[in-house]
Amino acid sequence: MLLAAAICPHPPLLVPQVASGAADETADLRATCLAAVRRLAAAASQVIVVGAAPTPGDWRGKAGGDLRAFGCDVSFGGSERVLPLSLTIGAYLLDAVDWPSARRRYVAVAADANAPSCAELGCQLVGTNDPVVVLAMADGSARRSTTSPGYLDERAVGYDRAAVTALSRGDVDTLLGLDPALDAALWSTGRPVWQVLAGAGQTAFDDGGAINATVPYDAAPYGVGYAVVEWELTYAAP
């Protein structure tokens with residue numbers, strides 16, 4: 001049963017050792033992500049971290065990852081260095097709030113997975129009686145400005161705005177209708193992760209739940225769309 005969720009971005013610059021001299025520029029984003037993860041910890045002890053990757057995967061508490069590919073010899077999570085970037089940054093956030101390794105599960109969804117399979121995965125992840133929370137690691141478009149990694153695409157701002165609005169409303173239908181081709185063209189890693197979360201949200205609706213959402217951060221530093229969205233689930237008394 002899904003009790004809460006947090007959507008956080010996963011830039012390597014979120015990690016102070018990587019950001020180095022630019023750490024102050026990401027301080028607000030970092031603090032907002034950590035606050036969201038602390039609230040997850042207050043909701044349930046079992047967390048499922050979901051992120052996009054070239055290939056799918058499913059790992060437990062011994063899994064970890066490092067950022068050597070980004071010129072920084074730091075690692076997070078467990079001793080087995082198997083996690084893709086999105087989940088490695090998730091492990092960093094969990095480490096920062098001292099989340100026990102034994103209470104973590106890491107799930108990578110393929111970047112090209114279609115909406116029905118993403119929704120089914122979300123349903124499977126939360127479709128038990130065990131209380132869980134989800135930490136969804138997803139970036140918006142990296143084509144928000146002329147200084148973006150992918151340069152400017154005029155569609156990027158509207159795409160990110162539509163996704164964040166849907167997340168803020170618990171609008172699973174809009175999330176499941178996001179276009180994979182457009183998501184890829186806009187250099188976003190969000191679409192499959194948001195659709196996994198949509199599947200989890202639909203399962204909560206089917207169980208009589210309602211989503212209360214807040215958006216404590218929505219900006220595009222470095223020309224990349226980063227949003228932090230929090231979901232709190234409430235259920236009708238039986």
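Predicted model: local features only at pLDDT ≥ 70, side-chain atom pairs only at ≥ 80, totals over all residues.
Is tyrosine 222 buried, exposed or partly exposed? I looked up its relative accessibility and got 32%, so tyrosine 222 goes down as partly exposed. The cut-offs I used: buried is under 20% relative accessible area, exposed is over 50%, and partly exposed is in between, with a 1.4 Å probe and protein chains only.

Residues are numbered from 1 along each chain as its sequence is written, and side-chain values use heavy atoms, with hydrogens and water left out.

**Loops and phi**

I found tyrosine 222 in the loop between β9 (209-219) and β10 (226-235). Helices (H or I, at least four residues) and strands (E, at least two) are DSSP runs, numbered from the N terminus. Phi of tyrosine 222 is near 65°, which is positive in a residue other than glycine. I jotted down the background too: most residues other than glycine have a negative phi.

I also checked aspartate 98, which has a positive phi of about 60° and is not a glycine. Aspartate 98 sits in the loop between α3 (85-96) and β7 (104-110). With 66% relative accessibility, aspartate 98 counts as exposed.

**Threonine 26**

Next I went to threonine 26, in the loop between α1 (16-19) and α2 (27-43). Threonine 26 counts as buried because its relative accessibility is 6%. I saw its side chain make a polar contact with the side chain of arginine 30, at 2.7 Å. For a polar contact I need a pair of N or O atoms within 3.5 Å; within protein, one must be able to donate a hydrogen and the other to accept it, and residues adjacent in sequence count only if both atoms are side-chain atoms. Setting aside neighbours within four places in sequence, I listed Leu13, Ala19 and Tyr222 as contacts of threonine 26. Contact here means heavy atoms within 4.5 Å.

**Isoleucine 48**

Which strand holds isoleucine 48? I found it in β2 (residues 47-53). Isoleucine 48 is at 3% relative accessibility, so I wrote it down as buried. Leaving out neighbours within four places in sequence, its contacts include Arg105, Val107 and Leu125. I also checked alanine 5, which is 43 residues from isoleucine 48 along the chain, and their C-alpha atoms are separated by 9.4 Å.

**Helix pairs**

I then looked at α4 (residues 115-126) and α8 (residues 191-206), whose axes come within 7 Å and cross at roughly 50°. Axes are lines fitted to C-alpha atoms, for helices over the stretch in contact, and angles run from 0 to 180 degrees between N-to-C directions. α4 and α8 are therefore oblique to each other. My angle classes: under 35 degrees is roughly parallel, over 145 roughly antiparallel, 65 to 115 roughly perpendicular, and the rest oblique. On the α4 side the contact includes Ala115 and Cys118, and on the α8 side Arg191 and Pro192 are among the residues.

How do α5 (residues 156-169) and α8 compare in angle, and what is the distance between their axes? I got axes within 12 Å, crossing at roughly 20°. That makes α5 roughly parallel to α8. Tyr159, Ala163 and Leu167 of α5 meet Arg191, Trp194 and Leu197 of α8.
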